[in-house]
Amino acid sequence: SVFVCLALPVMMSLARHCFFSLLAVAAAEDLVAFDFAGRGSASAVADVLSRVLHLTQEEVFSNFDLELVTECQAPRPKGAKTDLCFDLMMSNEKVKVAATSGIDLACGAAWYLRNMCNMSFSWNRTGGHQIEIPKKWPSVKERITRYRTVPISYFNNVVTFSYSYAWYDFAQWEAWLDWAALNGINVFIAYTGQEEIYRKTFNAFGVKDADFAEWSNGAAWLAWSRGQSMHGIGDHCGDACMPLPGSWMKMQWQLQKQILERSRSLGFVSVLPTFQGNLPPVFRQLYPHANISKSGAAWLDAVDPLFSQIQKHYMDIMIADWGTDHWYETDGYFNQQQGPWRLRAAGRRSLQQTSWQRPEDVPSDPEALAHAAAAYKSMNATDPKAIWLYQGWIWRGWGSDKLPFMKGFVSAVPPKHFVMLDMFDEVDPEWQKFHDF
């Protein structure tokens, strides 16, 4: 597994250092089974510069030479944990940026514009972009090479899709993606429009549209019906309230297609949501023998056969509709501890010890391992390249007595296919605990 440390207070430093973005990774690039190099296109990055600098395409190409390359001209420095990089130089009286991916290309152009043209790039609510086109673009006197310190720069939070993004149109997403590319962000969760995927999936298992619309929250509360055990909230707020309109679900589904088309053209990795066991309560009547929580929100145990069946149908529809970058986000323990499929682990008393000195000494909790393995295999069965991104909020405040559960959970996923988000790293970093696994 890889711990990804998310530190929100460093957001403002993005204006100065595009490679020191919102994330630090305590692992080398080869610990994740994914190649970030070669993604995106130079033409898409040229479009970003045209939009942000208010230049025509001809003006961009007459002053900038943008190129994707397989490697930079200077060797990788010792401190860098990745080969992702950009070169900045002059070529035929143009500013030439050569980089190993579209995002690094955009970040290299932004480095030049910040450091040599005194520009800055920010959200509108923090002042917006500060841009003044020079009469003559400054020359790069000597080649400049910059390597990423780490391979992954992550941004976004699942609840932001209710706080803010529920009301975004594509023009706002376009500006967001331009900003993110210029700041070197290359991984983000893409949660828009998933209700339409769920509606079509649950239809196949006998759930009517009306039942689904009543179960789902209104648009501003969707983050909590997607995975937080809150349902039927938001019925007095105007448009896009529950029961969630089918027209709104389809509109968001179409918007997601636009977002993904643009983000992939720039070289982003879009992390898609997968099924995590959250069901409309009518499933209890439709599948009475499944291990679904008996009261409150209906959660399905991951080791129940119905879980993998729903996941396969969901992912088949999602990938057919939107394609995939092979990264998926899903959270939870996936264990309802009731019903016919509950695991009854033997020898659990031996897991209560807390004085282990080495990671290899910590035993794996068999129940945690079985449930995490079932959750991952349900993704991997449809996409053999699946990488699981998991939010670390759920483990905050845990002590060493939870080490067996944690080891069982992360050990369930094949090496290089599990990435943990350290969501509160600036205050309470998890990666420094738990014997580093």
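Reader: Where is the place of His54?

Author: His54 sits in the loop between helix H1 (42-53) and helix H2 (57-63). Helices here are DSSP runs of H or I with at least four residues, strands are runs of E with at least two, and both are numbered from the N terminus. This is a predicted model, in which local features need pLDDT of at least 70 and side-chain atom pairs count only at pLDDT 80 or more, while totals for chains, interfaces and linings use all residues. Residues are numbered from 1 along each chain as its sequence is written, and side-chain values use heavy atoms, with hydrogens and water left out.

Reader: What makes His54 count as buried or exposed?

Author: Buried means under 20% relative accessible area, exposed means over 50%, and partly exposed is in between (1.4 Å probe, protein chains only). His54 has 68%, so His54 is exposed. Its phi is near 60 degrees, a positive value in a residue other than glycine.

Reader: Why is Ser216 called buried?

Author: Ser216 has 1% relative accessibility, so Ser216 counts as buried. Ser216 lies in the loop between helix H7 (209-215) and helix H8 (222-227). Beyond its neighbours within four places in sequence, Ser216 touches Glu195, Leu222, Ser225, Gly232, Met242 and Leu244. A contact here means heavy atoms within 4.5 Å.

Reader: How do you know that Asp104 forms a salt bridge with Arg148?

Author: A salt bridge needs a side-chain nitrogen of Lys or Arg within 4 Å of a carboxyl oxygen of Asp or Glu. For Asp104 and Arg148 the closest N and O atoms are 2.7 Å apart, and the pair forms a salt bridge. Asp104 lies in helix H3 and Arg148 in the loop between strand S6 (144-147) and strand S7 (154-155), so the pair ties together parts that are 44 residues apart in sequence. Asp104, at 0% relative accessibility, counts as buried, and so does Arg148 at 1%.

Reader: What separates Glu196 and Arg199 in helix H6?

Author: They are 3 residues apart in helix H6 (residues 194-203), which means a separation of about one helical turn. Glu196 is buried at 5%, and Arg199 counts as buried at 12%.

Reader: Why is Asp361 called partly exposed?

Author: Asp361 has 32% relative accessibility, so Asp361 counts as partly exposed. Its salt-bridge partner Arg358 is partly exposed as well, at 45%.

Reader: What makes a nonpolar core, and how many residues has the largest nonpolar core?

Author: A nonpolar core is a set of buried Ala, Val, Leu, Ile, Met, Phe, Trp, Tyr and Cys residues joined through side-chain atoms within 4.5 Å. The largest nonpolar core has 124 residues, and Leu113, Phe202, Trp327 and Trp388 have the most contacts inside it. Helix H3 (residues 102-117) gives the largest share of this core, 9 residues.

Reader: How do you know which parts to read with care?

Author: Where pLDDT is low, the predicted coordinates should not be read in detail. pLDDT is the predictor's confidence in each residue, from 0 to 100. The chain averages 87, and 87% of the residues score at least 70. Over residues 5-28, however, the pLDDT is below 50, and it stays under 50 over residues 344-349.
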